[in-house]
Amino acid sequence: MEITCDIAMDLVDIYSSSMASPDTVKAVREHLRTCRSCRDFYSEYKANLAEEKKKEEKNNRTFRTESSPYVSEEIISESVKRLSKKLRTRRIVSNVVSIFSVIVGFIVLAKDIFDLIDEKDK
Ligand SMILES: [Zn+2]
């Protein structure tokens, strides 16, 4: 079937979407083979389509990463690290506090003992 350039242009979208009927595919393919300007247009169209698709995929990927409901492993290990650091700091602080209270207790005790010794000497 012979089709005009206008018809070929109209059908290019369907033709490239692989949803065209066999007759349309045949007609467009035949026209593209014989018509150079439509062939050029079609190759440009296909290139644009591929470009658009690539861009869309890239956008989808970016979108998926940004809106991911899953926290990445990196973030988890980072927060675990931060938490264990916090716990370690707290443990050190409590160790220091208990050591300090032992020292204070020892000083108080020593003072009592010295007081007792002093009183004995009197
Ligand atoms: Zn043509």
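1. I begin with the rings: the structure holds 2 aromatic pairs, where rings of Phe, Tyr and Trp (its six-membered ring) pair if their centres lie within 6.5 Å, and where planes under 30 degrees apart count as stacked, over 60 as edge-to-face and the rest as tilted. One of them joins Phe41 and Tyr45, a stacked pair at 6.2 Å centre to centre with 25° between the planes. Phe41 and Tyr45 are separated by about one helical turn because they are 4 residues apart in helix H3; helices here are DSSP runs (H or I, at least four residues) numbered from the N terminus.

2. On provenance, this is a predicted model, in which local features need pLDDT of at least 70 and side-chain atom pairs count only at pLDDT 80 or more, while totals for chains, interfaces and linings use all residues. Residues are numbered from 1 along each chain as its sequence is written, and side-chain values use heavy atoms, with hydrogens and water left out.

3. The zinc ion takes its protein donors from Cys5 (SG), His31 (NE2), Cys35 (SG) and Cys38 (SG), at 2.0 to 2.3 Å; donors are N, O and S atoms within 2.8 Å of the metal (3.2 Å for Na, K and Ca), and water is not among the atoms, so sites may look incomplete. Along the chain, these donors of the zinc ion follow the spacing C-x25-H-x3-C-x2-C. The site is tetrahedral, with angles of 100 to 115° among its 4 donor atoms, the criterion for four donors being that all angles lie between 85 and 135 degrees. Both His31 and Cys35 are buried.

4. The largest nonpolar core has 14 residues, and Ile3, Tyr15, Val28, Leu32, Cys38 and Tyr42 are those with the most contacts inside it; such a core is a set of buried Ala, Val, Leu, Ile, Met, Phe, Trp, Tyr and Cys residues joined through side-chain atoms within 4.5 Å. Helix H1 (5-16), helix H2 (22-34) and helix H3 (36-66) each supply at least two residues of this core.

5. Finally, the protein is divided into domain 1 (1-69) and domain 2 (74-122), with bounds that come from an automatic or database domain assignment. Taken over C-alpha atoms, the centres of domain 1 and domain 2 are separated by 76 Å.

Conventions: Four donors count as tetrahedral if all angles lie between 85 and 135 degrees; four count as square planar and six as octahedral if opposite donors are over 155 degrees apart and all others between 65 and 115; anything else is irregular. Buried means under 20% relative accessible area, exposed over 50%, partly exposed in between (1.4 Å probe, protein chains only).
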